[in-house]
Amino acid sequence: SEHSAGTPTGPIELPGYAHVYSGKVRDLYAPLDDSGAPRDDRVLLVASDRISAYDYILSTPIPDKGKVLTQLSLWWFEQLESLVLNHIVSTDVPDAVAGRAVLVERLDMVPIECVARAYLTGGGLAEYEASGTVSGLELPPGLVDASKFDQPLFTPSTKAPFGEHDQPMPYADVVTEVGADRAAQLRDLTVRILARGNEIAAPRGILIADTKVEFGYRADGTVVLADEVLTPDSSRFWPAADWEPGRRQASYDKQFVRDWLTSPASGWDRNSGAEPPALPDDVVEQTRAKYVEAYEALTGRTFS
Ligand code: ATP
Ligand code: MG
């Protein structure tokens, strides 16, 4: 067949661990203690090769995607160490998930998607065109798709269940949810992570238009950066050389997938409610290459 065979990598049996949850991309396990009981203070966070597009988890995995995302996040956590605490405990993980798993502190996750935007696009652009605001913040007139803000904006959203869309969350609602001090802390950390990210990424040829980070609380209330950070899945990466305000910028990594899915070649009607078809090998390979390219450009390392 012209389509790649294969189903998305689901959670696997890991001796010494109990599967506790699967998100769109990651499978979470609790390590078992000496008595065989799951520990409640640690999580093995395993990034699969699953990829989502147009609100579907595709049936075709992208080889090495989980490794690339895990290694890139680890690199960023280190770059951001002076700015924010992170959840990483150890990279010593079972061989079956080598390279794509990390052992982390199990945190009480903040129920807010902390989003920062350095450039106007996507949902932010739609709101601006309708009302002149982004996340309720008044912005000057004349901005266009991909305009750069003077400072990154904090544009939090609710965490919607899978299949539903996250809703923009006014800052006042964040204050109601977590209190004024924590709201300000989450906002400042989110904005600084993106600003620092762009300082590091721009000379390496990548603009990070916007990003979503997740924080959690330790038992003592300390705020810690969790999940993944500044990856192509959690952020919009743009090739710096092609940046041109006034038009839609190509998505760095998923563009091949989106272009193919919406082309006649896929035979798929986005509005039909049907599952998207399997991806052809060349789309898989081009997409994999983009993830690897982002990793190599940012870290200066070779992906192997
Ligand atoms: P969700 O699972 O919320 O629908 P998602 O599909 O993007 O989002 P994945 O990235 O696949 O989720 O899975 C990661 C899950 O692990 C998320 O629910 C995230 O909140 C959670 N998580 C990440 N880091 C931690 C941590 N240190 N402690 C507890 N949970 C965490
Ligand atoms: Mg996620």
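**Close-ups of a predicted model**

**Figure 1. S135, a buried loop residue.** S135 has a relative accessibility of 16%, so it counts as buried, the cut-off being under 20%. Everything shown here and below comes from a predicted model. As for where S135 sits, look in the loop between strand 10 (133-134) and strand 11. Its backbone is worth a look too: phi is positive, at about 55°, even though S135 is not a glycine. For context, most residues other than glycine have a negative phi.

**Figure 2. Y54, another loop residue with a positive phi.** Y54 isn't a glycine either, yet its phi is positive, at about 50°. The loop in question runs between strand 4 (52-53) and strand 5 (56-57). Is Y54 buried or partly exposed? With a relative accessible area of 21%, Y54 is partly exposed, because buried would need a value under 20%.

**Figure 3. L143 and its contacts.** Here we move to the loop joining strand 11 (137-138) and strand 12 (148-154), which holds L143. Which residues does L143 touch, once neighbours within four places in sequence are set aside? The partners are L120, Y128 and F149. L125 is 18 residues away from L143 along the chain, and the C-alpha atoms of the two are 8.9 Å apart. L143 comes out at 22% relative accessibility, so it's classed as partly exposed.

**Figure 4. Stepping back to the whole chain.** Six helices and 16 strands make up the count for the protein chain. Along the principal axes, the C-alpha atoms fill a box of roughly 60 × 55 × 40 Å. The radius of gyration is 19 Å, which agrees with the value near 19 Å for a compact globule of 304 residues. Of those 304 residues, 49% are buried. If you count contacts with a separation of 6 or more, 62% of them link residues 24 or more positions apart.

Figure 5. The chain's accessible surface is about 14400 Å², and carbon and sulfur atoms account for 48% of that.

Methods:
Residues are numbered from 1 along each chain as its sequence is written. Chains are lettered from A and ligands numbered from 1 in the order in which they are written. This is a predicted model: local features need pLDDT of at least 70, side-chain atom pairs count only at pLDDT 80 or more; totals for chains, interfaces and linings use all residues. Side-chain values use heavy atoms; hydrogens and water are left out. Helices (H or I, at least four residues) and strands (E, at least two) are DSSP runs, numbered from the N terminus. Buried means under 20% relative accessible area, exposed over 50%, partly exposed in between (1.4 Å probe, protein chains only). Contact means heavy atoms within 4.5 Å. The radius of gyration is taken over C-alpha atoms; the globule rule is 2.2 Å times the number of residues to the power 0.38. Accessible areas come from the Shrake-Rupley method with a 1.4 Å probe; for residues, only the protein chains shown count as cover.
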